[in-house]
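Student: Can you walk me through this one? I'm new to it.

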Amino acid sequence: MLLRQATMADLPQIEAIIWDGRQLLAAQEIDQWQGTYPNTAVLVDDIHQGWTVVLEEDQEILGTAAIIPGVDPTYQQIEGQWLTKQAPYLAIHRVAVSAHHHGRGLAGELFQRLFAQIDQAETIESIRIDTHPQNMAMQHIIKKNGFTPTGKIDLSGMGPEMSGVQDFAYERVTAHVKPEHLVQPTWA
């Protein structure tokens, strides 16, 4: 398996994986990704920005995520408290794995490979992620991969479709976190 930066040639497979995720969430009656988000324009922008990574095996994309350098506008306000303050971080968004390969632990594999690369970057002190309150599977994967619950974030700033949506937020410090940037969490 290989974790690599996505190219525009990967877009059809990435869109198919996002569609799989949307269908799985709908089947579980979870309201996440049930509108137009994430749409092709968002996915194209992620690729053009150099943010999208894919987990690939035998030239098939098994999973995808957008790794976005902070400051993330949706993480500016939190009901709770981040583990770090004024520390450089990356945000992980739009995580999805192929429906054809569920049960293989691919989301965990994707996270572990990301962490291995991120921990080599001495300037990145933490990683932030969020998910829908009803998405229990993703919450389990996030916690299993070393993230700490930090509170709730409001997604209203992402457009009218997200008005009133509050996601659970998580953070994981890296090997390079500076002690002066750590805070004691008050929400768990």
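Student: Okay, what kind of model is it, and how are residues numbered?

Tutor: This is a predicted model, where local features need pLDDT of at least 70 and side-chain atom pairs count only at pLDDT 80 or more, while totals for chains, interfaces and linings use all residues. Residues are numbered from 1 along each chain as its sequence is written, and side-chain values use heavy atoms, with hydrogens and water left out.

Student: What's the strand order in the sheet?

Tutor: The order is 1-2-3-5-6-8-7-4, in an open sheet of eight strands with mixed pairing. Helices (H or I, at least four residues) and strands (E, at least two) are DSSP runs, numbered from the N terminus. Two strands pair if DSSP finds at least two bridges between them.

Student: Which strands are at the edges?

Tutor: Strand 1 and strand 4; each has a single partner strand, so one side of each is left without a neighbour in the sheet.

Student: How does strand 1 pair with strand 2?

Tutor: The two are antiparallel, over four bridges. For instance, Q5 has V53 in strand 2 as its bridge partner.

Student: Switching to helices: how far does helix 1 reach?

Tutor: Helix 1 (residues 11–27) has 17 residues and reaches 24 Å from first C-alpha to last, close to the 24 Å expected. The expected span is 1.5 Å times one less than the number of residues.

Student: Which of its residues are buried?

Tutor: In helix 1 they are L11, I14, I17, I18, D20, G21, R22 and L25. Buried means under 20% relative accessible area, with exposed over 50% and partly exposed in between (1.4 Å probe, protein chains only). Their cover includes helix 2 (40–49), strand 2 (52–57), strand 3 (60–69) and strand 5 (89–97).

Student: What happens just after helix 1?

Tutor: E29 takes a positive phi of about 60° there.

Student: How many residues are in the largest nonpolar core?

Tutor: That core has 24 residues, and those with the most contacts inside it are I92, V95, F111, L114, I129 and F147. A nonpolar core is a set of buried Ala, Val, Leu, Ile, Met, Phe, Trp, Tyr and Cys residues joined through side-chain atoms within 4.5 Å. Helix 3 gives the most to this core, with seven residues.

Student: What does F147 touch?

Tutor: Leaving aside neighbours within four places in sequence, F147 is in contact (heavy atoms within 4.5 Å) with I92, F115, I127, I129, I142, Y170, E171 and R172. A second, separate core of 14 residues includes A6, L11, W33 and I47.

Student: How many cavities of 30 Å³ or more are there?

Tutor: One. On a 1 Å grid over the protein atoms alone, a cavity is a set of points where a 1.4 Å probe fits but cannot get out, and lining residues have an atom within 4 Å of a point. Grid points are joined across faces, edges and corners, and a volume is the space filled by probe spheres set on the points. The largest cavity has a volume of about 40 Å³.

Student: Which element lines it most?

Tutor: Strand 3 gives the largest share of that lining, three residues.

How values were computed: On a 1 Å grid over the protein atoms alone, a cavity is a set of points where a 1.4 Å probe fits but cannot get out, and a pocket is an open set with protein on both sides within 12 Å along at least five of seven lines; lining residues have an atom within 4 Å of a point.
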